[in-house]
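Subject: Structure handover

Hello,

Here is the structure for you to take over. Please open it first, then read my notes below.

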Amino acid sequence: MIEVTIRTIVRPIAAGDPPHTRALPGQVLNSGERRPMSTGMSHVSSSARWFGTGHSTLADPAAAGAEAATAALAGREPAIVFVFCSVGYHVPELFDALREQVGADTVIVGCTTSGQLTDGRVSRNGVAMTAWGGAGFTVRTRVARAVNDRLREAGAEAAACLSGVEDEHRALLLIADGLTGSHHDVVRGAFSVAGATIPLVGGCAGDDLTYVRTYQFHGGRDGVQIMSDAVIGVAVGSDRPLGVGIAHGWQKDGDALVVTRSRDGRVLELDGEPALDVYLRRLGIEESVLDDPAAFRQLAFHHPLGLSRRTGEDLRVIHEADRTDRSLLCLADVPQGALGWLMTSDLDSLLKGADEASGQALDALGGEPALGMLLFDCGARWVKLGDTGVRRELAAIGKRLGDVPFGGFYTTGEFARVRGALGMHHFTLVTLALA
């Protein structure tokens, strides 16, 4: 495993225009930075906390990385930089300009995606960077490798990054390969270390919904590793509140179904019948749709399976059907004996879900102004929303946040929980707000 620990480097603010807030020539800052509130405590630093984003769709990965990094950092030294990019950009050259601009203690993490977003901009092909720094943050990371056959152990390894992080406010952020089996085991492993009280957020890497191979990134100024089959844990500590939001905007469609036979993410029977037969009958669809796997996947993205939870329905993406055993394949566990429904939604409901997820995270800050927000949005939501709907979703988030900057990526599954042991989601928007 690989482990990196940093605490933010504090520099005093000079009179006049401070270095941390000075824009580069020809550049407008989009950072949400502010001076810390005075408390009269001798340990309070005068270094401004900041949160920056950058986004590029230049075709050349090196040029795109330079453009995104320059916008996100604006000459400031970050504690951490998140790099989210489409799968064609996962080359060392993407990170060259970024590594030139960060400090020796900066952590760089990220992954490939099924889309990336920042401050109202969204792209299928491109790179987005989100960074923060200044006083009062602690960041500690740990990487688990070769995790496919040991997901629970890997989740525990990644969550061990929390060791030594004693800040008043803490959260555990996970980034995992999106194609490594049942991610609920990652959550269970992380839970065994983090316990029930530390909030959990994050997402699974994507590859433009092709389900072939995803990549994860971890490193710093001296180099960045490009990996697959990994789980990255990021312990975030802060002397100010952290807020988590979780919402999806889907509703039950039709009568309840009992998962009478399942194995991990494979649903074999619903109500005692072959699951595929029940699914097609409920939707009124001929079996010929299975002749084109891509067409079936697109259809299934509009009709996920919802599982009953105490806090509402937890969604599962149906991404494949097996004609041999008449099963449905999901990207996360579907427990045998669970009560479920087919789910439906529309544009207004999905937009309401985005507003709710953003609002929950802001409300959890307890009245303190937000510095910035990380977003983990399901790639299948983009399919349901369409391109126009995605732009409206970002507009809804932007309206809720005002001038607070935000950035993130479209995932192959989302990690989120405020308390308790559950934490694997699909078709959901997960948010992490920093004060």
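Six strands make an open sheet with mixed pairing, in the order S2-S7-S3-S4-S11-S12. S2 and strand S12 (223-227) stand at the edges with a single partner strand each, so one side of each has no neighbour in the sheet. From one strand to the next, the twist averages 15 degrees.

A word on the basis. This is a predicted model: local features need pLDDT of at least 70, side-chain atom pairs count only at pLDDT 80 or more, and totals for chains, interfaces and linings use all residues. Residues are numbered from 1 along each chain as its sequence is written, and side-chain values use heavy atoms, with hydrogens and water left out.

Helices (H or I, at least four residues) and strands (E, at least two) are DSSP runs, numbered from the N terminus. Two strands pair if DSSP finds at least two bridges between them.

Now the pairs. S2 and strand S7 (residues 127-133) are antiparallel, with seven bridges. Gly-52 has Ala-131 in S7 as its bridge partner. Strand S3 (residues 80-85) also runs antiparallel to S7, joined by six bridges. There, Ile-80 has Trp-132 of S7 as its bridge partner.

Helix H1 (residues 61-73) packs on this sheet and touches S2, S3 and S7; its direction makes about 155 degrees with that of S2. Axes are lines fitted to C-alpha atoms, for helices over the stretch in contact, and angles run from 0 to 180 degrees between N-to-C directions. Contact means heavy atoms within 4.5 Å. Helix H2 (residues 93-101) lies across S3, strand S4 (107-112), S7, strand S11 (216-220) and S12, at about 160 degrees to S3.

**Strand S2**

Is S2 buried or exposed? Seven of the seven residues of S2 (residues 50-56) are buried, so the strand is largely enclosed by the rest of the structure. Buried means under 20% relative accessible area, exposed over 50%, and partly exposed in between (1.4 Å probe, protein chains only). In a regular strand the side chains alternate between the two faces of the sheet. Both faces of S2 are covered: Trp-50, Gly-52, Gly-54 and Ser-56 are buried on one side, and Phe-51, Thr-53 and His-55 on the other.

Strand S23 (residues 372-378) and strand S24 (residues 406-411) run parallel, joined by six bridges. Phe-376 stands opposite Phe-409 in S24.

Glu-393 is found in H8. Glu-393 is buried, with a relative accessible area of 1%. Leaving aside neighbours within four places in sequence, Glu-393 is in contact with Leu-351, Ala-354, Asp-377, Arg-381, Leu-385 and Tyr-410.

**A helix pair**

The axes of helix H3 (residues 151-159) and helix H4 (residues 184-194) come within 6 Å and cross at roughly 45 degrees.

Best wishes
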